[in-house]
Amino acid sequence: MDRVSRRPRLSTVWLGGCSGCHMSFLDLDERLIDLAGRVELCASPITDYKEFPETDITLVEGAVANLEHLEHIRVVRKRTKILVSLGDCAVTGNVTAMRNMYGLEDVLTRAYRDTAAVVIGIPNGNGAVPRLLERVRPVHEVVKVDHFLPGCPPSADAIHAFLIELLEGRTTALQGRFG
Amino acid sequence: MSVKTLEIDGKMVTGMAGETIFSVAWEHGIHIPRLCHIGGISDVGACRLCMVEVEGQRKLQAACLTQIEEGMVVRTDTPRLKAHRKLIVELLMAERNHICAVCVANGACELQELARSMGIDHVRLRYRFPVFPVDTSNERFGMDHNRCVLCTRCVRVCDEVEGAHTWDVFGRGAGSRIISDLGEPWGASESCTGCGKCVQVCPTGALFDKGKTVAEMRKDRGFLKYIVTAREKKQWIG
Ligand code: SF4
Ligand code: SF4
Ligand code: SF4
Ligand code: FES
């Protein structure tokens with residue numbers, strides 16, 4: 001990765017997804033120990049960071065669904081050498097993007113009024129939750145993506161094979177599929 | 001009938017006059033991608049995935065519609081053809097709402113498999129997210145227009161094999177839609193016999209058996225060969 005020999009820095013990011021891709025990543029099981037020896041894990045959804053660190057490889061789970069995702073992925077892109085869309089939500093929008101068939105107002109009304117047991121009102125983005133974007137977008141519609149690993153979720157084997165290829169400097173297209 | 005000799009991908013092959021490039025190629029182990037073609041019913045050239053290059057012709061030809069000719073030189077797998085096919089599959093994916101993860105046909109869908117076999121790991125075009133209905137009025141089957149690729153296999157099998165002609169195509173361009181009878185819900189169709197042939201030939205998760213959930217729908221196309229052989233050879237063999 002660098003001329004100074006150091007372990008490549010790996011981060012993972014969680015946008016609008018169900019965390020299934022991260023679970024699949026954790027399903028690497030004992031292979032995680034081997035991987036931990038080969039990379040330096042910098043940031044993940046469970047590490048506490050104020051600023052996203054400079055990273056060699058970042059795996060992104062989830063679609064870009066709200067303002068926070070949008071701002072975050074822009075910073076992540078700037079600080080990442082190789083950005084990877086991990087899983088169908090990041091790659092296609094997937095289930096997260098199914099609301100795109102309807103207007104945002106209709107979706108919010110349905111969720112917070114029509115079907116709510118207690119109607120408090122529709123969150124307006126000023127408080128605790130970030131404002132939703134009008135349209136959910138796959139990551140590559142927002143920033144440049146270097147590699148794609150489709151699947152819902154991609155299997156642990158697929159993630160492992162992909163990372164090993166990448167770490168060993170090969171970028172042969174691996175056969176994945178949507179769904 | 002006369003025999004014709006031609007070259008496909010550098011291989012000398014023979015076929016009968018009247019046969020298409022597509023079927024002669026398949027008989028010789030050259031598998032041209034396809035979506036609207038299915039053996040046993042007529043061809044319409046709707047999907048353009050089977051396009052090939054024929055030497056001496058500027059335009060690409062749909063292999064499923066083009067008859068073989070003596071001395072023809074055909075190429076089925078050039079970089080140009082591959083690029084076109086890839087784009088067609090991406091266009092189909094972007095045109096309607098293909099959410100494979102929650103689709104009945106996940107893992108057994110011809111469109112999904114085409115994407116995989118072509119190494120499509122993302123769609124370069126913007127998804128349209130159109131609004132399309134799901135018709136669940138039929139007692140046993142469902143029709144999800146979000147997953148329809150307008151191949152018209154359902155239209156042709158219902159007309160040519162079942163003889164009911166329940167389905168047809170309504171509208172134009174991206175707004176086209178498969179309709180039953182004169183646009184009534186499928187369940188209200190008077191012509192449909194409920195045979196299920198359309199469901200079995202549909203390449204995607206658009207037509208499915210009710211009660212099937214994610215990745216449970218598997219299609220059985222055996223009947224088509226059985227019926228067509230019976231018609232042509234007067235023998236009931238599979
Ligand atoms: S029809 Fe095929 S491509 Fe479309 S969502 Fe279903 S599995 Fe995916
Ligand atoms: S079930 Fe049979 S008759 Fe009815 S629409 Fe399908 S093919 Fe036609
Ligand atoms: S419903 Fe299925 S068979 Fe009919 S046109 Fe659509 S994709 Fe093709
Ligand atoms: S298979 Fe020939 S045009 Fe569709």
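**Entry 1**

I started at N94(A), which is buried at a relative accessible area of 3% (buried is under 20%, exposed over 50%, partly exposed in between, with a 1.4 Å probe and protein chains only). Its phi is near 50°, a positive value in a residue other than glycine. I found N94(A) in the loop between helix 4 and helix 5 (104-114) of chain A; helices here are DSSP runs of H or I with at least four residues, strands are runs of E with at least two, and both are numbered from the N terminus.

A note to myself on the ground rules: this is a predicted model, where local features need pLDDT of at least 70 and side-chain atom pairs count only at pLDDT 80 or more, while totals for chains, interfaces and linings use all residues. Residues are numbered from 1 along each chain as its sequence is written, chains are lettered from A and ligands numbered from 1 in the order in which they are written, and side-chain values use heavy atoms, with hydrogens and water left out.

I looked up S19(A) next, and it has a positive phi of about 80° without being a glycine. S19(A) sits in the loop between strand 1 (9-14) and helix 1 (20-26) of chain A, and it is buried at 14% relative accessibility. I also noted a cis peptide bond between C152(A) and P153(A), with omega about -10°. P153(A) belongs to the loop between strand 7 (147-149) and helix 6 (156-167) of chain A.

**Entry 1: salt bridges**

I searched the whole structure and got 22 salt bridges over all chains, each being a side-chain nitrogen of Lys or Arg within 4 Å of a carboxyl oxygen of Asp or Glu. D56(A) pairs with R6(A), with the closest N and O atoms 2.8 Å apart. That pair links distant parts of the chain, 50 residues apart: D56(A) is in strand 3 (residues 55-61) of chain A and R6(A) in the segment before strand 1. D56(A) is buried at 1%, whereas R6(A) is partly exposed at 34%.

I then checked K212(B) and D209(B), whose side chains form a salt bridge at 3.8 Å, N to O. I also wrote down a network of salt bridges that links R38(A), E165(A), E168(A) and R170(A).

**Entry 2: where the chains meet**

Which side chains make the salt bridge between the chains? They are R126(B) and E141(A), at 3.9 Å, N to O. The count between chain A and chain B is one. E141(A), buried at 18%, also meets R137(A) in a salt bridge at 3.2 Å.

I count 22 residues of chain A in contact with 22 residues of chain B (contact means heavy atoms within 4.5 Å). The two chains bury about 2000 Å² between them, 63% of it on carbon and sulfur atoms; this is the accessible area (1.4 Å probe) that two parts lose on being put together, summed over both.

**Entry 3: ligands and a histidine**

I find 14 residues surrounding ligand 3, and the closest are C148(B), C151(B), T152(B), C154(B) and C202(B); a residue is near a molecule if one of its heavy atoms lies within 4 Å of it. Around ligand 2 I listed residues including C158(B), C192(B), C195(B) and C198(B).

Is H145(B) buried or exposed? I have H145(B) as buried, at 5%. H145(B) is in the loop between strand 7 (141-144) and helix 4 (153-162) of chain B.
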